Amino acid sequence: MNPRRYREKAVQGAESGVALTRELIDEFIMSIQAKGYVKGTVDRYQTSLEQLYDSLTGEKRIGKGTLAACRKQMLEDGYAARTANLRISAANSLLSHLGLREYQLTDQVKPEDENLPEITREEYLKLLQTARSLGRERVYLLVKLFASTGLPLQELSKVTVESVTEGGLTAVSCGTEQEIRFPEFLQEELLGYARKNGYLHGPIFRTRDGKPMSRTNVTTGMRQLCEAAGIPEEKGNPRCLKRLYQVTREEISNNIARLIEQEQTRLFLREQEVVGWNEEVSMRKRA
């Protein structure tokens with residue numbers, strides 16, 4: 001890669017910025033590998049830049065204000081602040097390498113996970129009931145999918161006829177792999193939906209023209225469902241449903257831990273009655 005070459009091109013067309021290409025991404029990744037970047041960092045940069053490339057339209061140019069607009073759209077589409085920051089950070093590194101710092105976005109969004117509105121199980125069930133009463137099977141399945149698996153939204157395209165038939169998939173979120181398992185009831189509903197729509201292979205969630213659903217398609221559908229169900233729209237997104245999945249698992253785990261502790265205590269008490277030292281001493285004194 002010749003950073004000066006890209007710098008000269010950008011100066012000649014400063015208004016339009018620099019075109020992001022897959023070749024440019026590959027060359028940049030090779031350059032940071034040569035510098036000794038650890039594999040986790042390299043993989044994160046590559047994933048972030050490829051996702052940024054896919055999100056850009058037209059000539060896929062990065063100019064003044066491009067990254068700010070991209071970040072704004074990511075947050076509106078329900079991306080976590082940390083994910084948006086990672087993607088922008090990767091783009092900043094690429095621009096720095098090319099000597100195009102004037103196109104960087106240097107400030108970061110503060111994480112808002114602590115302010116993420118919580119959806120209750122009652123509200124979740126109401127969403128499902130509303131979707132069913134309206135005959136909106138696709139959004140019904142989407143709500144159930146995120147709440148019962150914890151699937152990251154960006155991995156929705158991996159929910160294919162093949163992966164559901166196999167019972168699970170490997171998702172990647174922020175560079176970390178996560179095994180997603182489909183509960184049997186969800187597996188049956190997803191495959192039934194695929195059969196009804198004639199999907200024999202590939203993604204299960206598609207638009208009318210057969211393309212995989214975008215992030216905007218998903219969040220728009222969920223917000224509309226929230227409105228119909230009388231539930232605050234800010235709760236109608238995959239992040240809130242994923243949080244419900246996590247909270248539910250935490251509660252079940254805590255309950256199991258309490259049951260184990262209670263059963264262990266009962267076991268110790270029974271053993272104490274049989275071989276407890278104090279009981280033996282007291283019996284000798286009585287004799």
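User: Where is T130 found, and what makes T130 count as buried?

Analyst: T130 is found in helix α6. Its relative accessibility is 12%. Buried means under 20% relative accessible area, exposed over 50%, and partly exposed in between (1.4 Å probe, protein chains only), so T130 counts as buried at 12%. The model is predicted: local features need pLDDT of at least 70, side-chain atom pairs count only at pLDDT 80 or more, and totals for chains, interfaces and linings use all residues. Residues are numbered from 1 along each chain as its sequence is written, and side-chain values use heavy atoms, with hydrogens and water left out.

User: What does T130 touch, not counting residues up to four places away in sequence?

Analyst: T130 touches L225, A228 and A229. A contact here means heavy atoms within 4.5 Å. For the whole protein chain, 63% of the contacts with a separation of 6 or more are between residues 24 or more positions apart.

User: How many helices and strands does the protein chain have, and what makes a run a helix or a strand?

Analyst: The chain has 12 helices and four strands. Both are DSSP runs numbered from the N terminus: a helix is H or I over at least four residues, a strand is E over at least two.

User: Which residues have the most contacts inside the largest nonpolar core, and what makes a set of residues a nonpolar core?

Analyst: A nonpolar core is a set of buried Ala, Val, Leu, Ile, Met, Phe, Trp, Tyr and Cys residues joined through side-chain atoms within 4.5 Å. The largest one has 42 residues, and F146, L151, L156, V159, L190 and F205 have the most contacts inside it. Two or more residues each come from α6 (121-133), α7 (137-149), α8 (161-166), β3 (168-173), α9 (184-196), α10 (215-229) and α11. Helix α7 gives the largest share, eight residues. A second, separate core has 28 residues, including L49, L67, A90 and L94. In soluble globular proteins, nonpolar side chains tend to be buried together.

User: Which residues is F146 in contact with, leaving aside its neighbours within four places in sequence?

Analyst: Among the partners of F146 are L151, L156, V218, M222, L241 and Y245.

User: What makes K144 and E189 a salt bridge, and which parts does the pair tie together?

Analyst: A salt bridge is a side-chain nitrogen of Lys or Arg within 4 Å of a carboxyl oxygen of Asp or Glu. K144 and E189 meet at 3.0 Å, N to O, so the pair qualifies. K144 lies in helix α7 and E189 in helix α9, so parts 45 residues apart in sequence are tied together. K144 counts as buried at 10% relative accessibility, whereas E189 is partly exposed at 26%.

User: How many salt bridges does the structure hold, and how do you know that R270 forms one with E263?

Analyst: There are 10 salt bridges. In the R270 and E263 pair, the closest N and O atoms are 3.8 Å apart, so the pair is inside the 4 Å limit. R270 counts as partly exposed at 43% relative accessibility, as does E263 at 38%. Salt bridges that share partners join E263, R266 and R270 into one network. R61 also forms a salt bridge with E59, at 3.7 Å between the closest N and O atoms; R61 is partly exposed at 29%, and E59 counts as exposed at 59%.

User: What is the phi of K60, and where is K60 placed?

Analyst: Phi of K60 is near 55°, a positive value in a residue other than glycine. Most residues other than glycine have a negative phi. K60 is in the loop between α3 (39-55) and β2 (61-62), and counts as buried at 16% relative accessibility.
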